[in-house]
Amino acid sequence: MEEQENKEINETVHIDGMFRGWFLDYASYVILERAVPAINDGLKPVQRRILHALYQMDDGRFHKVANVIGQSMQYHPHGDASIGDALVNIGQKELMFDTQGNWGDVRTGDSAAAARYIEVRLSKFAKEVAFNPDTTEWQLSYDGRKKEPITLPMKFPLLLFQGTDGIAVGLSTKIMPHNFNELVKGSIDILKGKRVKLYPDFPTGGFVDVAEYNAGGRGGRIKVRAKIEVVDKKTLSIREIPYSTTTGSLIESILKANDKGKIKIKKVVDNTAKHVDITIDLMPGTDPDVTIDALYAFTDCQISLSPNACVIENEKPVFHTVDEILRISTENTKVLLGRELEIKQGELNEKWHFSSLEKIFIEKRIYRNIEESETWEDVLQTIDKGLKPYKKLFKREITMEDIAKLTEIKIKRISKFDSFKADEEIKGLEASLKQVAHDLAHLNDYAIAYFEDLMKKYGKGRERRTEVKGFETIEVKHVVANNSKLYVNRAEGFLGTGLKKDEFVCDCSDIDDIIAITRAGKMMVTRLGDKKFVGKEIIYIAVWQKNDERTGYNMAYYDGASKRTFVKRFNVTGVTRDKEYDLTQGTSGSKIWHLTVNSNSEAEIVKVYLHQSSGARIKEFDFDFSTMEIKGRGAVGNILTKFPVRKVDLKEKGKSTIGGLKLWLDEKYGRLVSEESEKSKYLGEFHTGDQVLVVFKDGNIELTNYEVTNKYEMDDIYLVEKFDKDRVYSVVYYDGDSKQYYVKRFKIEIKKEKEKSSVITEHKDSKMAVFSSKKTPFVKFHYLKGKEKEKLEAEVKLTEIIDVKGWKALGNRLSQNLVTGKVVDITPDEESEEIEEQEERDDTTNPKAGSKGEQKGLF
């Protein structure tokens, strides 16, 4: 009995071991046979078996997909569903298959029609790059009835073109699709010894930020955006969508963001047909540029993808970069081309060998010697004896198989044998052998020519669809719509969105932080909620911005311990949410007399009233906050008075003590920024009421505010700078009606912001050449003079051609002669004040020089 029990225990341990073994077997099987593609041909097993089945079926005509699925099931043991899905996926890439019927749409997410209704065949490209039985390694299929390729002899980086993703046991792979022509060119560059950088290219188009792509390896990340256009102030249109999304899923994400109040739109209409067209109607008063940023921030108009290039190499999963995968694929193609050349060389040698044998056999009439041979052995020996004098002419030994083949030549062929034609054929074979030998000796050049031929034959129409560009970081707080209302009960100390019977404070969003300060000098910052208690007697409440160093707090408070009144100025740049902070010294009985919060750190003057019973000789006096420095919120401050204070009133509003806001234009992203960067242009110091002048290449101008949410499409813009209403601006433009160049100088008189106005004539051929805000602008141009049409160059000062006129005036002609070529602005970046002053003095001392209008005919 004891032996039997021990035996049962041992068997239990054995089963546990078997379980571990089975799991490892299963994991290995899923990795190698299901989810991860092989690096040699870039295919998963199911894809390889589909291509092989189609090659076996190929007769040049289309096949029902249902038939292809059935044929593929001879090699793939996992059912028709996985085969059908993989087959449609390959067909939608539009490279390896020619298709007929409804194969679905990756943009809309529409699925393909049933397998019995759609048809497929191998494309010419697939036959050229993926198949060659002579260079294919074979294995038995899962049931041992058929042969299937271990990998296809793929002579193209198909894996990188198609992209792939798969999830195995404890392992996943995700490789982005890339551009056909860029892959071919990359392979050529690798063969030439150059470095290659590959970036994804998606069939859905859009924009991609590859700053963190990491060459498609582990740890990389890309951001993909939809292409959104502003149709007008009330309408946006999405023309291209991010990869891995569909028009349906994108619209759903937009509607969800609208329902949550993140964006404000009226409706979304999907007009997608041949091209993607999703129209978004905006709510009145909504800024289109801010809405575009909000769409990128809160919807699937921008998504992040994490590449993870994992492939099967030597029957093991290996992580690579896409650049390394391309290098391996290129080297593999080169090896395959070499093997094909060697096979071709062998076939040509055999052909030359037999053609030469045949020629000697017939020309030397050796066939006549076998007439008296009685046995097969005698026939072979007679022919061999007849060929003996010529054996030295051959490249290899003449075998009995060769002699036997000669006996199969028909009498009809012997009787019609043309010696000259045979010589020409042999010469052709020798020329081919020479070319093959040359190609083998220069295999690298041969491979380059192969890839160049691929691009020439199949690269047309495969231009890049996805634009590579850097994305600016969108501050969510700047673009989120105000979807909530903030209320406060000051006496009880409650704030939130649910206190609708109490005092309304402002519109805000549900991601905003709220700052509240009480009479007792307690401060708290909290996230917006339905109802929150922050302390009784709230005297200040507002939306709080983190790291805001420009907002200044001016405060006068009474300290309960020392019985003195203090004043302080401070910022609130960083806090811990829901933590109570003391703005006073925290003693019992302390309270705030006076508090102002100033967005540009303005410093006011206050009037302080002391108690009549105090011992102070002067019972009223003024205090100017500008005499104090701004410090941290925890600072005690300065003593205002040691006498009891009755009240503190505002006497006079002050000016900013920190100056205006310095702004730069980030010319890469078209954004206003408060910090200088490598690709930024300084615009100036902005104060309340200042504006930005935007000059477009088409001759339109507009004024905008200086909000950091503004976005400027730099491709369409000629100039962005701080607007000066007193400055004189100069324009040189070509008038399409008169076919002449004109100059005008004017002051801008636009009253509404973000309203475009043209500074050139409205003719369709009119175009702006130069726009300058410099005091003394110079331009250079060429003109034709006299009957001889002599081409001369002129450099002129625009202030000498025309006086300041109305900004809608036509202007004066740049030259009385025909201006040719471009008009170029050659005004120095930094004008010399001394020169300008001298010119002004010259004008003053020489009043008879003639008016500027009279000088316009000098050129």
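User: Which residue of β26 does M555 stand opposite?

Analyst: In this predicted model, strand β25 and strand β26, the latter covering residues 565-570, pair in the antiparallel sense over 6 bridges. Within that pairing, the residue of β26 that M555 faces is K568.

User: How many residues lie between β25 and β26 in their hairpin?

Analyst: The two strands β25 and β26 form a hairpin, and K563 in its turn has a positive phi of about 65 degrees. The number of residues between the two strands is 6.

User: Over how many bridges do β25 and β28 pair?

Analyst: Strand β25, residues 552-558, pairs with β28 in the antiparallel sense. Two positions illustrate the pairing: Y557 has I592 as its bridge partner in β28, and Y558 stands opposite K591 of that strand. The number of bridges between β25 and β28 is 7.

User: How many of the 7 residues of β25 are buried?

Analyst: In the open sheet with the order β28-β25-β26-β31, β25 stands between β28 and β26. Strand β25 is mostly covered, and the number of its residues that are buried is 6.

User: Which strands stand at the edges of this sheet, each with a single partner strand?

Analyst: The sheet is an open one of 4 strands with antiparallel pairing, in the order β28-β25-β26-β31. A strand with a single partner has one side left without a neighbour in the sheet, and this is the case for β28 (591-598) and β31 (638-641). Neighbouring strands of this sheet are turned by 20 degrees against each other on average, direction ignored. The edge strands are therefore β28 and β31.

User: Which residue of β32 is the bridge partner of V606?

Analyst: Strand β29, residues 605-610, is joined by 5 bridges to the antiparallel strand β30, residues 620-624, where Y609 has E620 as its bridge partner. Strand β29 is also joined by 6 bridges to β32, residues 645-652, and these two run antiparallel. In β32, the bridge partner of V606 is L650.

User: Which residue of β13 is the bridge partner of V269?

Analyst: Strand β12 is joined to β13, residues 278-282, by 5 bridges, and the two strands run antiparallel. In β13, the bridge partner of V269 is T279.

User: Are α7 and α10 roughly parallel or roughly perpendicular to each other?

Analyst: The axes of helix α7 (residues 180-191) and helix α10 (residues 322-363) come within 10 Å and cross at roughly 75 degrees. The contact is made by L183, G186, S187, I190 and L191 of α7 together with L326, R327, T330 and K334 of α10. Angles from 65 to 115 degrees count as roughly perpendicular, and therefore α7 and α10 are roughly perpendicular.

User: Is T164 buried or exposed?

Analyst: T164 lies in strand β6, residues 164-167, and, leaving aside residues up to four places away in sequence, T164 touches P37, K44, L159, T173, K174 and I175. Its relative accessibility is 11%, and the limit for a buried residue is under 20%. T164 therefore counts as buried.

User: How many residues does the largest nonpolar core have?

Analyst: The residues with the most contacts inside this core are L87, M96, F97, F125 and F156. One of them, L87, touches I50, V65, V68, I69, F97, W103 and V120, not counting residues up to four places away in sequence. A second, separate core of 25 residues includes L341, I409, L429 and V436. The number of residues in the largest core is 66.

Conventions:
Residues are numbered from 1 along each chain as its sequence is written. This is a predicted model: local features need pLDDT of at least 70, side-chain atom pairs count only at pLDDT 80 or more; totals for chains, interfaces and linings use all residues. Side-chain values use heavy atoms; hydrogens and water are left out. Two strands pair if DSSP finds at least two bridges between them. Buried means under 20% relative accessible area, exposed over 50%, partly exposed in between (1.4 Å probe, protein chains only). Contact means heavy atoms within 4.5 Å. Axes are lines fitted to C-alpha atoms, for helices over the stretch in contact, and angles run from 0 to 180 degrees between N-to-C directions. A nonpolar core is a set of buried Ala, Val, Leu, Ile, Met, Phe, Trp, Tyr and Cys residues joined through side-chain atoms within 4.5 Å. Angles under 35 degrees count as roughly parallel, over 145 as roughly antiparallel, 65 to 115 as roughly perpendicular and the rest as oblique.
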